[in-house]
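Please study the sequence and the structure shown below. The paragraphs that follow lead through selected helices, strands and their contacts.

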Amino acid sequence: MQVPRYQGPAPHVLKRDTSEEKGEEARMSSFIGALALCDLVKTTLGPKVLADGMDKILQSANGDIIVTNDGATILKSVSIDNAAAKILVDISKTQDDEIGDGTTSVCCLAGELLREAEKLLDAKIHPQIVVSGYRIAANAAQKALQDAAMDHGANFEQLKEDLFYIAKTTLSSKLLAQSRDHFAKIAVEAVLRLKGSTNLDHIQFIKKTGGNLSDSYLDEGFILEKSLGVGQPKRVENAKILIANTPMDTDKIKVYGARVRVDSYNKVAEIEEAEQKKMMEKCQKILNHGINCFVNRQLIYNRPEQFFTDHGIMAIEHADFDGVERLALVTGGEVVSTFDHPELVKLGHCGLIEEAMIGEDRVIRFSNCAAKEACTIVLRGANKQILDEAERSLHDALCVLSQTVNHSKVVYGGGSAEMLMAKAVDEAAKTIPGKQSLAVEAFARALRAIPGIVADNAGFDATELISEMRAAHQKGEMEAGIDIHNGRIGNMAKLHVLESFKLKSYMVSSATEAAEMIIRVDDIIKAAPRRREE
C-alpha cells in the first residue's frame with residue numbers, strides 16, 4: 001500500500017530569523033570570506049628591498065593604535081563575521097602558538113588552495129574529489145620537504161650558524177630588518193641560554209623609549225622596573241629573596257574606610273598603636289626568614305620600610321604581578337602571603353642585586369640568578385608602537401629558534417622550499433588517473449603562488465621570476481630561490497637563506513586541513529540574533 005505524500009506547506013524546522021545558505025550559495029559565501037581575509041594579509045608577506053613588509057595600522061574603538069605586519073596580530077585584532085574567515089584566523093593563531101612564525105604564510109597558502117579549488121568546482125568537479133587530490137598532494141609535498149631537509153643537530157657550531165641564518169631570514173620580513181644581524185645575534189644568544197627548553201618565560205622584554213633600535217641589547221639576569229627607596233642598600237650580594245603578595249599598609253587607620261565610635265582622640269591613638277604593633281609583628285616574622293631582600297607586590301608603607309632599612313634589608317614595593325611571577329621563576333623562589341612557618345618557605349637566590357640605569361630610568365638588576373637561563377632583552381626605540389612591533393618581531397624569531405634547537409632540521413628559504421614541493425607534487429600528478437590529478441596540479445599551483453606573492457610585494461615581476469625558478473628546479477638546482485635584494489634568482493645556500501623545517505611542514509599541513517574543511521561546506525546556518533528585552 002502506497003503512503004500518500006505530505007502536500008501542505010513546508011514545516012518550519014529552524015527558529016524564526018535563523019538564516020540558511022545552501023549548496024553553491026553557501027560554498028561561494030565561504031570562499032569569498034576566506035579569500036578576502038587572505039587578500040588582507042597578503043601584502044605583509046615577505047621582505048621588501050632594503051625595508052620590511054608592508055604594515056597595517058589597526059585602531060581600536062577606544063583609540064589604541066597597533067602598527068604591525070604580523071599576520072596573527074592582524075587577524076586576531078580585526079572583527080570578522082564570516083565563518084570560513086574565522087577558520088583561517090584559527091589556523092593562524094595555532095601556527096603562532098605552535099611555531100611562533102609563518103602566520104601570514106599559512107593563511108596565504110590556505111587562501112591560494114581555496115582559489116584553485118574554486119576553479120575546479122566551477123568545472124563541476126565534486127568537492128570530495130578535490131579534497132582527496134589535495135591530501136595526495138600534501139603527502140607528496142611533505143615527503144619532498146622531508147627529503148630536502150638538512151640536520152646539523154650533532155654539530156653545535158653548525159647548528160648555531162643555522163640558528164643565526166634562520167633568525168636573519170625570520171627578521172627580514174619584520175620591522176627589525178634594518179638591524180637583523182644585530183637582533184639575530186641577540187635572539188640566538190637568548191635561545192641558547194634556554195638549553196633546549198621552549199619556555200620563553202625566562203626571557204624578559206624591557207621596552208624603553210629613546211635611542212635607536214640598534215641600541216637594544218641582551219642583559220644577563222632579570223630586570224625589575226622599579227627604583228629603590230630612600231636609605232635602602234643600593235647593592236646586595238648573595239641575595240636571599242622573599243617574594244610576597246601581602247598588605248604592608250595597615251600601620252594607620254583608614255579613617256575614610258572604617259566607622260569607629262570612640263569618646264576621645266586617645267582611643268584613636270590606641271587603635272593606631274595596635275595597628276602599628278600588628279604590622280611590626282609581621283615585619284619581625286619576615287625578618288625571621290633570614291633574608292636580605294624583600295619584594296612585595298603590594299605597597300610598603302613608611303614604617304615597615306624604615307624597619308627593613310634599619311635591619312639592612314632591601315625592600316622593593318609594588319612590583320607588578322608579571323614581575324613578581326617572573327622573578328619567582330628565575331630566582332627559584334615562591335610567592336608567599338603568610339610568614340608563620342619560615343621552614344616551609346622557598347626563598348629565591350641570586351648573586352647580585354644592584355640599581356642600574358636604562359636611558360633616563362632607574363631599574364633594579366638581578367644578576368647570576370638561580371635559573372641560569374634568565375636573561376633580559378632591552379629594546380630601545382622612538383615610540384611605543386615601534387617598541388611593541390619590535391617585541392612581536394623578536395618574539396617570533398625566539399619561538400622559531402627554540403623549536404629549531406629541538407627539531408634541528410632546516411630547509412632553504414626564499415621560495416625554494418615551495419618550488420621544491422610544487423615540483424614533487426607535479427611529478428605525483430602524472431601518476432594519478434582521473435579527476436584527482438587536476439586537484440593535485442592545482443595544489444602545485446597554490447604552492448608556487450607563495451613565492452609569487454613575495455616577489456609581487458617586493459615590486460618585482462612575479463611571473464618572470466617564478467618561471468625562472470621553475471626552470472632552475474627542473475634542471476636540478478634545488479637551492480634556487482628569490483634573491484630579494486637584487487630582484488633575480490639566486491642560490492639560497494650561498495646567500496644563507498634558511499628556514500625551519502618544522503615551520504614549513506606545519507604550514508603545509510595546517511593550510512591543507514583548513515582548505516579541506518571549507519571546501520566540504522555545503523550549508524551555512526546562522527542563529528537568530530538575540531532579541532533585546534522590551
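Helices H3 and H4 cross in a right-handed manner; a crossing has this hand if the near helix is turned clockwise from the far one by less than a right angle, and is left-handed if the turn is anticlockwise. The model is predicted: local features need pLDDT of at least 70 and side-chain atom pairs count only at pLDDT 80 or more, whereas totals for chains, interfaces and linings use all residues. Residues are numbered from 1 along each chain as its sequence is written, and side-chain values use heavy atoms, with hydrogens and water left out. Helices (H or I, at least four residues) and strands (E, at least two) are DSSP runs, numbered from the N terminus.

H3 covers residues 83–98 and H4 covers residues 103–122; their axes come within 8 Å and cross at roughly 145°. Axes are lines fitted to C-alpha atoms, for helices over the stretch in contact, and angles run from 0 to 180 degrees between N-to-C directions. On the H3 side, the contact (heavy atoms within 4.5 Å) is made by Leu 88, Ile 91, Ser 92, Gln 95 and Asp 96, and on the H4 side by Thr 103, Val 106, Cys 107 and Ala 110. These residues comprise 5 nonpolar, 3 polar and 1 charged. Here Ala, Val, Leu, Ile, Met, Phe, Trp, Tyr, Cys and Pro count as nonpolar, Asp, Glu, Lys and Arg as charged, and the others, Gly among them, as polar.

The crossing of H8 and H9 is right-handed. Residues of H8 in this contact include Met 279, Met 280 and Cys 283, while H9 contributes Arg 303, Pro 304, Phe 307 and Phe 308. The residues of the contact of H8 with H9 divide into 8 nonpolar, 2 polar and 1 charged.

Helix H1 may be considered by itself. H1 spans residues 23–42, and its 20 residues reach 28 Å from the first C-alpha to the last, close to the 28 Å expected at 1.5 Å a residue; the expected span is 1.5 Å times one less than the number of residues. Among the buried residues of H1 are Ala 26, Ser 30, Phe 31, Leu 37 and Val 41. Buried means under 20% relative accessible area, exposed over 50%, and partly exposed in between (1.4 Å probe, protein chains only).

Lys 56 has Thr 68 in S3 as its bridge partner. S2 and S3 form a hairpin with 5 residues between them, and Gly 63 in the turn has a positive phi of about 95°.

An open sheet of 3 strands has the order S4-S15-S18, with antiparallel pairing. Its edge strands, S4 (150–151) and S18 (498–500), each pair on one side only. Between S4 and S15 (residues 409–412) there are 2 bridges, and Met 150 stands opposite Val 410 in S15. Helix H16 (residues 501–519) packs on this sheet, touching S15 and S18.

Methods: Pairing = 2+ DSSP bridges.
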